[in-house]
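Subject: Handing over a model, with notes on its sheet and helices

Dear colleague,

I am passing this structure on to you, together with some notes that I would ask you to read beside it.

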Amino acid sequence: MEYRQFGRTELRVSALGFGCGAVGGLLVRGDHREIVKAVSYAIESGINYFDTARSYGDSQSETNLGLALKELGGEVVIGTKVDLRSEEMDDIEGSILASVEGSLQRLQRERVDLIQLHNPLALQRRPEQGWLSTDDAEAALEAFAKLKEQGKVGHYGINGLGETPAIHKIIATGLADTTQTAYNLLNPSAGQHVPSDFPFQDYEQIISRAATMGMGTIAIRVLAAGALSGSTARHPNAAQGVGPIGTSASYADDVALARKLSFLVEEGYVESLIEAAIRFVIGNAAVSTALVGLSNTAQLELAIAFANRGPMPVEAIERLNEVWASMAGTV
Ligand SMILES: NC(=O)c1ccc[n+]([C@@H]2O[C@H](COP(=O)([O-])OP(=O)(O)OC[C@H]3O[C@@H](n4cnc5c(N)ncnc54)[C@H](OP(=O)(O)O)[C@@H]3O)[C@@H](O)[C@H]2O)c1
């Protein structure tokens, strides 16, 4: 497993990270033995970053990750998140302190390596959507700094979702150590320039901007929530209805778009679109860790094997650039 510097922190994280979210669902709906088996396999294979959140499965993900790691031992880097609910937004510091106490209890730790603000960002607060303003985000980062002084968190970051100008505004403050960003074969705009009429949200190269500010980047939605498998079928542990982030209006539309990339398999660049998706994201050296959401251990085994093949061939990236250019103005 390749390890990468995690921005300005002292940490090095595995290029492939373990997503403990509700979409793949293993850590939320999986059975305890299957969870321990997957976490154990990940650690043996060199994965050291585990990404969870208070909101995943109503905190079940944190509880299950804490139980598995207690059983297995081993040094890993844990990132969790605070998603402020609308009724918590008027006491940002108090709500964050309480949320982190709960996360530490569930994770069975005295300190978590990374705490992240989970709410998407906007220039003005949008409580009905759960989006915080950039002023709110700065208040949250101040609360995180207090938790760091108390030794309860090692580092803190933001969620690079929401309005692109708001995300870039917070990155520019230099207050956060890390960001998460949606980055995949259907929408590569967090990592590279796209035409002005590109059909999906333009994240305006968050990844290189964050790197310039010394921030680490955690890539999310690497598999477009599973659509990059090219199949609409879902594993029983998975969320059965998924809202895309930064891609098409529906999961089915994302699957249809993913199928247009099947030339990558037919022309022998990769054995599957999942392989292409993982190797594309890992190919960006400014990504610290690329998360995969998992429904079972078999998916993890494949992800590790694909990640260990390294970046995609240059010719395949050239073909992809043509595809992205042709997508401009199509929606
Ligand atoms: N910051 C945020 O707001 C945010 C948002 C989203 C995610 N995240 C983080 O990022 C992690 C990953 O994101 P995600 O789970 O939403 O999306 P993802 O990694 O893009 O997709 C996960 C889905 O990919 C499919 N998959 C995985 N391996 C596969 C394989 N070998 N073959 C076929 N299908 C495969 C599974 O679909 P099936 O289950 O149908 O088999 C799984 O549910 C999360 O766990 C979480 O930690 C953060």
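The notes below take up the barrel, then one of its strands, and then the packing of helices.

Please bear in mind that this is a predicted model, in which local features need pLDDT of at least 70 and side-chain atom pairs count only at pLDDT 80 or more, whereas totals for chains, interfaces and linings use all residues. Residues are numbered from 1 along each chain as its sequence is written.

Eight strands, paired in the parallel sense, close into a barrel in the order 3-4-5-6-9-10-11-12. Strands here are DSSP runs of E with at least two residues, helices are runs of H or I with at least four, and both are numbered from the N terminus; two strands pair if DSSP finds at least two bridges between them. Neighbouring strands of this sheet are turned against each other by 30° on average, direction ignored, where axes are lines fitted to C-alpha atoms (for helices over the stretch in contact) and angles run from 0 to 180 degrees between N-to-C directions.

Strand 10 (residues 178-182) runs parallel to strand 11 (residues 216-220) and is joined to it by five bridges, one of which sets Ala182 against Ile220. Strand 11 in turn pairs with strand 12 over two bridges, again in the parallel sense, with Ile218 standing opposite Thr289.

Strand 12 (residues 289-293) is itself mostly covered, with five of its five residues buried, a residue being buried if 20 or more other C-beta atoms, placed from the backbone, lie within 10 Å of its own. Thr289, Leu291 and Gly293 point one way from this strand, while Ala290 and Val292 point the other way.

Turning to the helices, the axes of helix 2 (residues 32-44) and helix 11 (residues 297-307) come within 9 Å and cross at roughly 10°, which makes the two helices roughly parallel, a term that covers angles under 35 degrees. In their contact, Glu34, Lys37, Ala38, Tyr41 and Ala42 of helix 2 meet Thr297, Leu300 and Glu301 of helix 11, where contact means that C-beta atoms placed from the backbone lie within 7 Å. By class, four of these residues are nonpolar, one is polar and three are charged, with Ala, Val, Leu, Ile, Met, Phe, Trp, Tyr, Cys and Pro counted as nonpolar, Asp, Glu, Lys and Arg as charged, and the others, Gly among them, as polar.

With best regards

Note on methods:
Parallel < 35°, antiparallel > 145°, perpendicular 65-115°, else oblique. Contact = placed C-beta atoms within 7 Å. Buried ≥ 20, exposed ≤ 12 C-beta atoms within 10 Å, placed from the backbone.
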